[in-house]
Structures are given as structure tokens and as C-alpha cells.
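Welcome! Try each task yourself before you read its solution.

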Amino acid sequence: MLSSGTRMMSSRWLTLARLDQGRTSGLNRARSLSSAGVRLDLSGVYPPIATPFTEREDVDYDKLEHNLRKYAKIPFKGLVVQGSNGEYPHLTEEERVEVVKRVRRSMPADKLLIAGSGCESTRATLELTAKMSEAGADAVLVVTPCFYKGKMDAHALVQHFTKVADGSAVPVILYSVPANTGLELPLDAVARLSQHPNVAGLKDSGGDITRIGLIVHKTKDQDFQVLAGSAGFLMAAYCVGAVGGVCALANILGEPLCELERLCTSGRWEEARELQQRLIEPNAAVTRKLGVPALKQAMEWFGFHGGVCRSPLRPLDQEQTQQLRRDFAANGWL
């Protein structure tokens, strides 16, 4: 049976009116806002921002700041920091926390900051979650532990996420990304975890729309929100009840993705369908086809700083770069 989390604040119920609290830690913000009794609304589009590196593979904070200034002009709901596209497995814990601190200081106060805090052990996840909260995160994105994937059944995962949610000062968002982990968060585990007062929702990157629709249906009696994990199926996810998306392509085509959100939420489905179709190929190119190196290359074409990837990820070769350009140009983006 799920822990009630009664010793925790109802941190799922937070207001977005923070005023100058963007400079305070996520922990203090959660404590001060929970008393307002307003739910943390996740609806909207978020880029899972890339981490720029120098040629020496150091985190390039100046280039990061440049990207953040440009993102501040796009009507995103917020930013996801230290997701898969941020190359978080290649960063030290200190780097991960420092990036979140820098982003929080640069972000408009009315934007949500969601920080990845997932680690392989429950203990390490709890420790990093606390540090992300102190660094200014409004919520944490916790990926499924996967190294021992053969043992990560529904029981083990429910226990893991429950302990994290019990111990977190900010809301927890479940993160299922089977393309990277080889493990999909089971539907029954999601349904059970949706009952936890400190589990706000799920980012589902699997792309199975029937599964996303069923998750929305199975959790409809809970205050639980589902985010699409890719721009390629954002419209379809809205159709079955998702509230938004965390989309790698938003690092490059943020304005069009926010327009797609607006069309879907206003019921302008024909216009939404036309725009969604033009986003499918470039999205596939920077995700499952060519991955983070392609994302970073495309960012450079659109005036952002992608920078190099941290080894062992390698840059695109000439043929891959040409294919990437064709995927964007053929759909009218270049």
C-alpha cells in the first residue's frame, strides 16, 4: 500500500505566483507556496535543454546563458534541466547541481524549473533530489533505474518512487524513456503511484498513444498529469488527454511547438494536424535517428549554442549532417 506522505507538505498543490522567489531554493518556495492550496499546473511545452560544452568538454556556462536568454522570449511553460538531452549521465553530480543553480538564477520567476534527479539507487536519488530542490527546482523528473532492469518489476519501481516522493520537498514527475533505459514503467505501477500526494505526473517518451490514453483514463480520479515525451506525437497525446510535452525539438523549434500547443488546446485540429506533420521528420532526426549530436548541430543552425557533446558521444559525420539538413529543409524549417 502506498505511503500517505502525511509528514510531507502537499507539494503537488503549489501556486505559480512566485514573485521574487525564483531566487530562493525550491525547498523554501515549496514551503511558502503550498499554503496557497493551488495545484502545480504542468500544462504546456518544455524544452529539455541541452548542456553546451567547450571544445575541452567543460560545461560552457556563457553559452548556456545565451540560450536561456533566447528561451525566455518563447512562451514555454518552463524548462527541464538534466534530462536525457542534457547529457546528464555524462555530468558529475556537482556539475548537475551547478547547472540547475545557474538556470534558476537566469529564468523568469514565472517559469517552472523541472530538474532531473534520477539515479540508480533510491538513496542516491533522494540525496540528489534534495540538492536539486535546494538549487531551485520547482519539481524533479525521476527516471526509472535500469541497470538491473531484470529486477525492476512493478513492485520494485513502486517502492523506489514512493520512497523518493515521500522524501522530496518538491513534486515528483515520473519519467519513462524505454529507448534509453530499455525499461518501460508498467501501467499498474503508474496507476498506483498516481495516488501519492507528491507524485504530480508522468513524462512518457515511449510514443505508444494507446498507452498514454490508458494512463490518462486509469488516473482520471487522481490529480495526475501526463506529458508527452516527444514532439513527434504531441498532437496525438493532446487528443488522448495529455496536458503538454517535454520535447527535444523545442530546443530548436520552440515557437512552432508552442503554436502547436495553442492549436490543440483551442480545438483547431486541422491546423494542428498540418503543423504536427511538418514536425515529425525533424523531430525523429534529433531523437531516435541521430540523437543528441544532431540536436546540438541543429541548434547551431537556428542561432542557439549546442556545442560539442561529451565523449563518448561523437559529432555527426558529413553524411549524417546532410541528412539532418534535408529533414529540416524538406519540411520548410531551413
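**Exercise 1.** Is H5 largely enclosed by the rest of the structure or largely open, and why?

*Solution.* Keep in mind that this is a predicted model.
- Step 1: Set the cut-off. A residue is buried when its relative accessible area is under 20%.
- Step 2: Count. Ten of the 14 residues of H5 are buried, so the helix is largely enclosed by the rest of the structure.
- Step 3: Name them. The buried residues of H5 include Ala154, Leu157, His160, Phe161 and Asp166.
- Step 4: Look for the cover. Helix H4 (122-135), strand S4 (139-143) and strand S5 (172-176) are among the elements that cover the buried residues of H5. Helix H7 (187-193) and strand S6 (199-204) also belong to that cover.

**Exercise 2.** Work out what span helix H5 should have, and check it against the distance between its end C-alpha atoms.

*Solution.* 
- Step 1: Helix H5 runs over residues 154-167, which is 14 residues.
- Step 2: The expected span is 1.5 Å times one less than the number of residues. For H5 this should come to 20 Å.
- Step 3: The end C-alpha atoms of H5 are 20 Å apart, which agrees.

**Exercise 3.** Find Glu95, then decide: does Glu95 count as buried or exposed?

*Solution.* 
- Step 1: Glu95 sits in helix H3 (residues 93-106).
- Step 2: The relative accessibility of Glu95 is 18%, so Glu95 counts as buried.
- Step 3: Now look at its surroundings. Beyond its neighbours within four places in sequence, Glu95 is in contact with Val59, Tyr61, His90 and Arg310.
- Step 4: Pick out Arg310 from that list. The side chains of Glu95 and Arg310 are joined by a polar contact of 2.9 Å.

**Exercise 4.** Which helix supplies the largest share of the lining of the largest pocket?

*Solution.* 
- Step 1: Find the pocket. The largest pocket has a volume of about 900 Å³. Ser84, Val177, Ala179, Asn180 and Thr287 lie nearest its centre, out of 38 lining residues.
- Step 2: Helix H6 (178-181), helix H11 (269-289) and helix H12 (291-301) each supply at least two lining residues.
- Step 3: The largest share, six residues, comes from H11.

**Exercise 5.** Zoom out: how many helices and strands does the protein have, and what percentage of its residues is buried?

*Solution.* 
- Step 1: The protein has 13 helices and eight strands.
- Step 2: Of its 334 residues, 56% are buried.

Key. Residues are numbered from 1 along each chain as its sequence is written. This is a predicted model: local features need pLDDT of at least 70, side-chain atom pairs count only at pLDDT 80 or more; totals for chains, interfaces and linings use all residues. Side-chain values use heavy atoms; hydrogens and water are left out. Helices (H or I, at least four residues) and strands (E, at least two) are DSSP runs, numbered from the N terminus. Buried means under 20% relative accessible area, exposed over 50%, partly exposed in between (1.4 Å probe, protein chains only). Contact means heavy atoms within 4.5 Å. A polar contact is a pair of N or O atoms within 3.5 Å; within protein, one must be able to donate a hydrogen and the other to accept it, and residues adjacent in sequence count only if both atoms are side-chain atoms. On a 1 Å grid over the protein atoms alone, a cavity is a set of points where a 1.4 Å probe fits but cannot get out, and a pocket is an open set with protein on both sides within 12 Å along at least five of seven lines; lining residues have an atom within 4 Å of a point. Grid points are joined across faces, edges and corners, and a volume is the space filled by probe spheres set on the points.
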